[in-house]
Amino acid sequence: MTVPHLPPSRRSKARNLALAIFFFILGVIGVLVPVMPQVVFFVMSALFFSLVFPSFRRKLRKWRHKYPKFDASYRKWRDRSRRKRQAKIRVRKQA
């Protein structure tokens with residue numbers, strides 16, 4: 001069963017933009033504070049920015065194709081989380 005693609009609402013775009021800025025700021029703080037990680041926060045901000053800006057999504061896709069090792073690990077992570085989400089939906093429908 002496929003779900004039709006619905007355009008994101010303004011509220012979700014604003015929320016994604018706020019989360020992207022929040023994670024970016026945490027990444028900058030992580031650069032300044034040696035104990036706090038920064039890479040994780042920059043990756044999260046890039047993912048949320050890609051949800052808001054199509055041009056950023058295209059650049060991120062080009063970067064993924066340029067580095068196939070990172071692309072493979074990203075796809076593995078995405079597929080694993082997708083399977084978990086679909087399993088939760090099946091459990092809710094059965095209940």
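1. A salt bridge is a side-chain nitrogen of Lys or Arg within 4 Å of a carboxyl oxygen of Asp or Glu. By this criterion, a search of the whole structure, which is a predicted model, finds three salt bridges. As background, side chains of opposite charge can pair when their charged atoms come close.

2. The protein chain contains four helices and zero strands, and its pattern along the sequence reads α-α-α-α. Of the 95 residues in the chain, 17% are buried. Among contacts with a separation of 6 or more, 33% join residues 24 or more positions apart. The accessible surface of the chain is about 8,400 Å², and carbon and sulfur atoms supply 66% of that area.

3. Two of the salt bridges share D71. The side chain of R64 meets that of D71 with an N to O distance of 2.7 Å, while D71 also pairs with R75, where the closest N and O atoms are 3.1 Å apart.

4. R75, with a relative accessible area of 34%, is partly exposed.

5. A further salt bridge joins D79 and R78, whose closest N and O atoms are 3.8 Å apart. D79 is partly exposed, with a relative accessible area of 29%, and R78 is also partly exposed, at 23%.

6. The surface carries a positive patch formed by K13, R57, R58, K59, R61 and K62. Helix α3 (residues 54–66) contributes the largest share of this patch, namely five residues. R61 is located in helix α3 and is partly exposed, with a relative accessible area of 41%.

7. A nonpolar surface patch of about 830 Å² is also present; I21, F24, I25, V28, I29, V31, L32, V33 and V35 make it up. F24 lies in helix α1 and, at 40% relative accessible area, is partly exposed.

8. Which residues does N16 touch, if those up to four places away in sequence are not counted? They are F48, L51 and V52. N16 itself is placed in helix α1 (residues 10–32), and it counts as buried because its relative accessibility is 8%.

Note on methods
Residues numbered from 1 in each chain as written. Predicted model: local features only at pLDDT ≥ 70, side-chain atom pairs only at ≥ 80, totals over all residues. Heavy atoms only, no water. Helix = DSSP H or I, 4+ residues; strand = E, 2+ residues; numbered from the N terminus. Buried < 20%, exposed > 50% of the residue type's maximum accessible area, 1.4 Å probe, protein only. Contact = heavy atoms within 4.5 Å. Areas by Shrake-Rupley, 256 points an atom, 1.4 Å probe, with all protein chains shown as cover. Patch = residues over 30% accessible without salt bridge, like charges linked within 9 Å, V, L, I, M, F, W, Y side chains within 5 Å. Lys, Arg positive; Asp, Glu negative; His and termini not counted. Charge placed at Lys NZ, Arg CZ, Asp CG, Glu CD.
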